[in-house]
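Please keep the model open beside the text as you read.

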Amino acid sequence: MVALLTQEWRALDELVRIPAVPRRTVEELLAVLGDDVEQRGDRWRLAPARAEAYRARFALDALPALDQAAALTSHTDLLDRVRSDVAAVPPPLAALDHVQATPESVLRRALWLAENYDLDGARLLLLGDHDLTSLAACAVAPGLSVTVVDLDERVLEFVDRIARERGYDIRCLHADLRFGLPPAATEWADLVFSDPPYTPEGMGLFAARGLSALREPELGRLALVYGYSDRAPALGLKVQQELQRLGLVFEAVLPAFDRYQGAQAVGSASSLYVCQPTARSRKLAERPQVAIYTHGPQSVEGAGAAGERARAELVRIAAAAEHRVEGVRGPGWDKPLTVPAGQALAVDASADPGPWLLRTLLASNARRVAVLVGNSHPDLANEQGQHALAAPLAAKFRLRYLRSTPEPKSAVVVAEEVPVESLAPADRVVRHLLDRAHGKIGNIWREALVAASGGALTKNAARDRIAAASEAAGLRAHELAVRLVDLPRHRLGAALAAVRDSQAG
């Protein structure tokens, strides 16, 4: 840091990020330097009259360059592309612990992976990818196959769009890892990369899901990013213990590997942990966590669920006059949400960061469903959001939005089942798929066409219809091989429209 101060005026965030030291350490050093340091607004430097003495006293000219960009001079075109992508990605969400990695770090990740692993024909899984490591990796290794699993629908849409434009082999799946890994990603990957939430619970959960994603655990590797302040080594110990609890061996730890725009408490930096599974790792990984983030209602300290009065009112709304409700379900859609005939379904999704509501309704099979969410939920905030939620579900549910219910900060979405007999023939095929959202799209679609024809349509003829409709709608083969509940939201409309068109045709 002292070397940086001798060179030019430096902003505080640079003094944190480049040498990877905590903000408090920077502030303390600036205070110790006293009159030898000059300040201009939020920028600092050593007084020119004193700089030479510091360079000589601490042999600063002999220090290696700290700027990551200096090591990437032979990759200027790639770095420019990564910078352009990172500048265009949707803004970070604090509730999901997003802190943007610098473009230099993103490219450095991709180059490191390519230098240390044979990526030609390999399978790389990204658990969360707001930093866009998937795009950088495909730019460096065009023969790579990538799956991105993310909770943030905006990130999935962005990555999918860029991948299609550039011809990258990237498939995007939606998931909240607290509720499970999509089956299409299970036992699929050779290598897993993730920059998880920096809590022991978050690191443990993402590592556990990564283990279940490896097709050959004894040969696969987990590359996990984690940062902690050298002023609080006990936090680093807790995370390392959590990883060791999963039977993971630290094959390598590369300190200060990444840099970030933010996260100054940990020096705007993180280390790369390369973890090798042991024979017991997969069994040790079977323990779900719900509170994994550091901010918001889903944080380790956050309540994450509605109070008893709100839940009681939710049950009353779900039951109405003619239904029974046996308890309130928590969030999650890894399996179908069903109830016995004559009962209604009540779900507390009050900690929903945004994507849970649609997934909950897709997974629900009941005549009446009531879901408790925050009153500021993005799907309820305006008419556009409400329409976007209702549209893909129209062949299954009619929705009502009870704002400021049962409390000012909460809302209840009531879904009433649409009678199948009231639907047009094409919508009945769509309904068949919506009622079986946990089956592979291609398989359920074929069944629906055959059933709608009364057996007159053969399976092969149904496949031909599906192929034609998929090509017209721009659906790719991997999208037919996943569950509807795992399909990114921006692709739901195209998939359901193709299903409808295949019956109409």
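A pocket, on a 1 Å grid over the protein atoms alone, is an open set of points where a 1.4 Å probe fits, with protein on both sides within 12 Å along at least five of seven lines, and its lining residues have an atom within 4 Å of a point. This is a predicted model, in which local features need pLDDT of at least 70 and side-chain atom pairs count only at pLDDT 80 or more, while totals for chains, interfaces and linings use all residues. Residues are numbered from 1 along each chain as its sequence is written, and side-chain values use heavy atoms, without hydrogens and water.

The second largest pocket is lined by 15 residues, and nearest its centre are Asp152, Glu153, Arg154, Pro355 and Pro378. Domain 2 (68–286) and domain 3 (305–417) both contribute to this lining, so the pocket lies between them; the domain bounds come from an automatic or database assignment.

| Item | Value |
|---|---|
| Distance between C-alpha centres of domain 2 and domain 4 | 33 Å |
| Area buried between domain 2 and domain 4 | about 1,100 Å² |

Buried area is the accessible area (1.4 Å probe) that two parts lose on being put together, summed over both. On the domain 2 side, Glu153, Arg164 and His174 lose the most area to domain 4, together 39% of what that side buries. There are 2 salt bridges between domain 2 and domain 4, each with a side-chain nitrogen of Lys or Arg within 4 Å of a carboxyl oxygen of Asp or Glu.
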